[in-house]
Amino acid sequence: MALLEIKDLHAEVGGKEILKGIDLTVEAGEVHAIMGPNGSGKSTLAQVLAGRELYVVTGGQVIYDGKDLLAMSPEDRARSGIFLAFQYPVEIPGVSNLYFLKAALNTIRKSRGEDELDAMDFLNLVREKMKLMEMDQTLLNRPVNAGFSGGEKKRNEIFQMAVLEPKLAVLDETDSGLDIDALKLVSTGVNAMRSPERAMIVVTHYQRLLNHIVPDFVHVLSEGRIVKSGGKELALQLEESGYAGLGIHDEEAA
Amino acid sequence: MTAVAEQTGAWLAEFTGLATVAPWAQELRETAFQRFAKLGFPTTHDEEWRFTNVAPIARASFKRGLAAGQVTGLTGGAQAGTLEEARQHLGRLAAFDQNAFVALNTAFLENVVAIRIPHGAVIQEPIQITYNGVAGHATHPRLLIVVGADAHCTIVESYTGAGNYFTNAVTEIVAGDRAVVDHYKIQRESLEAFHVATLAAQLGRSANFVSHSISLGGALVRNDVNVVLSEGTEATINGLYIVNGAQHIDNHTSIDHAKPHGTSHELYKGILDDQARAVFNGRIIVRQDAQKTDSKQTNKNLVLSDDAVIDTKPELQIWADDVRCTHGATIGQLDAESLFYLQSRGIGKQQARSLLTYAFAQDIVDRIKVPALKDSLERILFEKFHEHREK
């Protein structure tokens, strides 16, 4: 049974249909890249999978780990192993990273039937993962994402992912706004988490990220539909000929 | 009988039953009572009371209670004085000519808590004054704090109680030149209680005054904070009010820049749930003489229900021309994106709401410098928001 099966998924926001029938099957251990021009629906797909209420699902089905994903609350999705790395991580003044992450991890552990981590074990885990992402420990006591640079926010997302160890990670334009060093760092963090039990959906506009996180499959999204699927060579082809080579344009420009 | 006489009549009986005090104090009482009888309780036609209807207080009848403030932490030269010692300052800052509640409090002067901090004394330990309301009773706590020049002190006023009662408090603070005063008022009255209080502070040259007003309890609450700054004075006037059910809280502040080079920062934050109602009125006066004044006022409100109501109003009276004054008010709900972000990490919706609500109050709590007070407040807030989510 596939880890994730999306069938004819339709979704709209503010009465405008964005996803117009998505079909996608992801097996455990696979990395799928979703590429597409601006406005093609990439981020909408990522947010719908995480359960953002802003997007209204108007048709189709998503089966995750044998369950009806669309019937689950965002927190239940997270507890059953879905993680969304946000394109725009949210700043939450007044809530420290440490408190936030501990609350998140312990809720997720509890739902997996594991014991909550005590303060010391938690700190050791967090320190180890921070080292991996070359993050300064003082960030722990700062409010979530508040005053972080764009790069720090993206690193913080991957750091959270490393701590929470999801089954299905959805990375929404994690590369946008990163310089090459930060991109390498983030990619290293992501690659370290590749495993036969874990699947990833990597949403990106550019091929650049896929040089570092090499996908098993590439799908091209246009106007709310997957118009082409292939292996990693499809990304390279896109790099050479651009979306226009496939007859695809940015929705705004169309 | 007029409505005013009806309302003040019961108080007259109580007033005439008071034991006499020294002639000067007796005279002050008499004058104050006459003023109260003339003013009567304010109505919503009175601009200062437009959004706060005190009819429930005017209609109620209470026995006269003893405003016995428990004072702890008098160390390092801080002294408790008597009514006689208070004579020089008492009633000079908290004017009762226009405020019926201050007049009533002054009419019932009895157990004045007077605290004196000698010149230059640095008192480390917070001086705590605690009042406990008793059902069926009205009390008029009166506090006078005189801080000498160059002295440092921390004052914590706390109000608690059980049942339906009426606390009508007045605090006067005189801070000498360069004095540093950190003042806390923790209002945790019973949810059936009425609480009306005025804090009046006269601040010396280059004095540094911080007021933290934390209001959690009470059915009907009105806080007035009136501060007058001198040259180079720095005043920070902060407040946090958290109300739910049918609670009503009204905060009126007045910051009077009387002299040049004064600085004032004001931050009041409110969290409203259910049918609660809150009022914020922030008056900033910059006198003609008060050039180079720097004043900033902010009122932020988090509204958690559809039925809660907040009325917020800045009131700037600026007579000087070389000043910087800013003000702003916000009324908002919990941020949907922040909620989703927390949920997407496995945190349940209700817990996420509590967490964000708590976070909203965090910067006021962070400014509390007395560790024990900060800890206890954090615990109280945590429980309060936990309660909310259990509903």
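Mentor: A nonpolar core is a set of buried Ala, Val, Leu, Ile, Met, Phe, Trp, Tyr and Cys residues joined through side-chain atoms within 4.5 Å, where buried means under 20% relative accessible area with a 1.4 Å probe, protein chains only. This is a predicted model, in which local features need pLDDT of at least 70, side-chain atom pairs count only at pLDDT 80 or more, and totals for chains, interfaces and linings use all residues. Residues are numbered from 1 along each chain as its sequence is written, chains are lettered from A and ligands numbered from 1 in the order written, and side-chain values use heavy atoms, without hydrogens and water.

Trainee: Which residues touch the most other members of the largest nonpolar core?

Mentor: In soluble globular proteins, nonpolar side chains tend to be buried together. Here the largest core has 113 residues, and those touching the most other members include A:Leu4, A:Phe159, A:Leu168 and B:Leu381. Its largest share, nine residues, comes from helix α7 (residues 349-366) of chain B, helices being DSSP runs of H or I with at least four residues, numbered from the N terminus. Because domain 1 (3-335) and domain 2 (336-391) of chain B both give residues to this core, it lies between them; the bounds come from an automatic or database domain assignment.

Trainee: What does A:Leu168 touch?

Mentor: With contact meaning heavy atoms within 4.5 Å, and leaving out residues up to four places away in sequence, A:Leu168 touches several residues, among them A:Leu4, A:Phe83 and A:Ile201.

Trainee: How much of chain B is buried?

Mentor: Of its 391 residues, 57% count as buried.

Terms used: Buried < 20%, exposed > 50% of the residue type's maximum accessible area, 1.4 Å probe, protein only. Helix = DSSP H or I, 4+ residues; strand = E, 2+ residues; numbered from the N terminus.
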